[in-house]
Amino acid sequence: MTLKRLHSVAIWGFFAWEIGVLLSLVASKEPDNPRGRAAPMSPSDFLDKLMGRTSGYDARIRPNFKGPPVNVSCNIFINSFGSIAETTMDYRVNIFLRQQWNDPRLAYSEYPDDSLDLDPSMLDSIWKPDLFFANEKGAHFHEVTTDNKLLRIFKNGNVLYSIRLTLTLSCPMDLKNFPMDVQTCIMQLESFGYTMNDLIFEWQEKGPVQVAEGLTLPQFILKDESDLRYCTKHYNTGKFTCIEVRFHLERQMGYYLIQMYIPSLLIVILSWVSFWINMDAAPARVALGITTVLTMTTQSSGSRTSLPKVSYVKAIDIWMAVCLLFVFSALLEYAAVNFVSRQHKELLRFRKRRKKTKTFTPVLDDEHSGSLRRINGMRNAEPIYGSMGHIYSPNNREEDVRESRLSFTATAGATCNTGKDGAVPKAANNSAIQPTQSSASAAAAAAKSHEEMRKLFIDRAKKIDTISRAGFPLAFLFFNIFYWVLYKILRHEDVHKP
């Protein structure tokens, strides 16, 4: 019994040793057998399982269908900002539009990576918000060298969608203070088809609006403050989510100072040169005045070519109108000077007319009264006097008759005072000399009066020029002070006003 028991124990021990050896061999060879472990899932199989036909994902249905609305956080990165046009009242901007939302159907744990960067062609396989720009006038995508789009999916189901766009957006402008104005251009992001029960847009908490480093505008300064607002829209079809950002643009005056303000200022100053030119130099003063008026008119019309036809008055219009008024007033000033300097001639003509209208009735004897009647009878006739067919009017004949009366009277007086032997009596001689001396003194007095009168009116004309030399610059200086204080200080626009 003992031997049999020992034999059976030995046999069982041998079997146990063989089993241990076999198990050790199997354990040592298991890593080298590819069938001994599960193979990892390929990316294609993973995407098919995540959003393919076999996944049950439907891009036509929004996340949380029949549940709470989807919150979409938006972020904008501005690449370029420019082409601000006052005539069409719009601006052009190039941006990266980034949207981020959570879709629980796209959450995964089978793939080791925390996020997946997918090809833009996969965008057609997932749900996306129906965002559009409410004040957009034109836009286009960028496809060089490929579609400028980004799609990234995270493990927790968050989706990041980024796209590059070039937009032309409307920007209503108030140009009353042009070119010292501050314009506010907006960008509105709105949902087209989903109401606020299904979709809500909101700005990203950190850096909702970012600007490329070194971004500059040719005529404006883009304020750094981000003015973010909500602009929920109410239509007949429902209440739709809307967010907006406002860009505050302060216009720089450098271009307008060089091209408009300084040239018009110099033209006005140039028109004042005529005040120092002699009043007798009529061609020089008239040519200078007309040239400055025409130049100012051209300058004024050129300032309006790049602006819309608005019904209100702009700051640049007031400046150009006042400059044109000063230039035109300088031209009218010379007209007044020239008129005043010639007034003595008009006064002399007036006095001569008054002398001619006075009636002179000489005392004649009976011998010459018949001749005077015959001369007076010639008034009723209308003969032709002079040669070469020159016809005198009745007024001219009347003056000739008056002259003949005076000459005839003088002759008659000389004849009557002559003696029988042709000698002139002493009393008559003295009476003839006295009128001659009185007429000479009267002529000298008239010449002196004429010279004094001419000098008086010329002094008045010179006084107008003297007053204009100081009055025009002072008036223009007061206008400049009022103009710049009004538009740069009193009417300076606050970018923070609602």
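Which hand does the crossing have where helix 3 passes helix 4? The crossing is left-handed, a term for a near helix turned anticlockwise from the far one by less than a right angle, with right-handed for clockwise.

**Before you start**

The model is predicted: local features need pLDDT of at least 70, side-chain atom pairs count only at pLDDT 80 or more, and totals for chains, interfaces and linings use all residues. Residues are numbered from 1 along each chain as its sequence is written, and side-chain values use heavy atoms, with hydrogens and water left out.

**Whole chain**

Show the protein chain as a cartoon. It has 9 helices and 15 strands. These are DSSP runs numbered from the N terminus: H or I of at least four residues for helices, E of at least two for strands. Of its 498 residues, 31% count as buried. Buried means under 20% relative accessible area, exposed means over 50%, and partly exposed lies in between (1.4 Å probe, protein chains only).

The accessible area is about 31500 Å², and carbon and sulfur atoms hold 59% of that. The method is Shrake-Rupley with a 1.4 Å probe; for residues, only the protein chains shown count as cover.

Now consider contacts, meaning heavy atoms within 4.5 Å. Among those between residues at least 6 apart in sequence, 79% join residues at least 24 apart.

**Helix 3 against helix 4**

Select 254-271 for helix 3 and 282-303 for helix 4. Two packed helices are described by the angle between their axes and the distance between the axes. Axes are lines fitted to C-alpha atoms, for helices over the stretch in contact, and angles run from 0 to 180 degrees between N-to-C directions.

Helix 3 and helix 4 pack at about 165°, with axes 10 Å apart. That makes helix 3 roughly antiparallel to helix 4. The cut-offs are under 35 degrees for roughly parallel, over 145 for roughly antiparallel, 65 to 115 for roughly perpendicular, and oblique for the rest.

Show side chains. Helix 3 contributes Gln-259, Met-260, Pro-263, Ser-264, Ile-267, Leu-270 and Ser-271. Helix 4 answers with Leu-288, Thr-292, Thr-295, Met-296, Gln-299, Gly-302 and Ser-303. By class, this contact of helix 3 with helix 4 has 6 nonpolar, 8 polar and no charged residues. Ala, Val, Leu, Ile, Met, Phe, Trp, Tyr, Cys and Pro count as nonpolar, Asp, Glu, Lys and Arg as charged, and the others, Gly among them, as polar.

Stop at Leu-288 in helix 4. At 16% relative accessibility, Leu-288 counts as buried. Beyond residues up to four places away in sequence, Leu-288 touches Leu-270, Val-273, Ser-274 and Ile-277. Draw a distance from Leu-288 to Ser-274: the C-alpha atoms are 7.1 Å apart, across 14 residues of chain.

Select 315-341 for helix 5. The axes of helix 3 and helix 5 come within 9 Å and cross at roughly 15°. That makes helix 3 roughly parallel to helix 5. Their crossing is left-handed. Residues that meet here include Tyr-261, Leu-265 and Val-268 in helix 3, and Trp-319, Phe-326 and Ala-330 in helix 5. By class, the contact of helix 3 with helix 5 has 12 nonpolar, 2 polar and no charged residues.

Turn to helix 4 and helix 5. They pack at about 170°, axes 9 Å apart. Helix 4 and helix 5 are therefore roughly antiparallel to each other. This crossing, too, is left-handed. Look for Arg-285, Val-293 and Ser-300, among the residues of helix 4 that meet helix 5. On helix 5, Leu-324, Glu-333 and Tyr-334 are among their partners. By class, the contact of helix 4 with helix 5 has 13 nonpolar, 6 polar and 2 charged residues.

Select 90-102 and 115-118, strand 2 and strand 3. Asp-103 lies in the loop between them. Is Asp-103 buried or exposed? Asp-103 counts as buried, at 0% relative accessibility. Leaving aside neighbours within four places in sequence, Asp-103 contacts Tyr-57, Pro-63, Gly-157 and Val-159.

Glu-110 lies in the loop between strand 2 and strand 3. Glu-110 is partly exposed, with a relative accessible area of 47%. Not counting residues up to four places away, Glu-110 touches Phe-46 and Lys-49. Glu-110 and Leu-50 are 60 residues apart in sequence and 9.9 Å apart, C-alpha to C-alpha.

Finish at Phe-154 in strand 6, residues 149-154. Phe-154 counts as partly exposed, at 25%. Apart from residues up to four places away, the residues Phe-154 touches include Leu-106, Tyr-108 and Leu-160.
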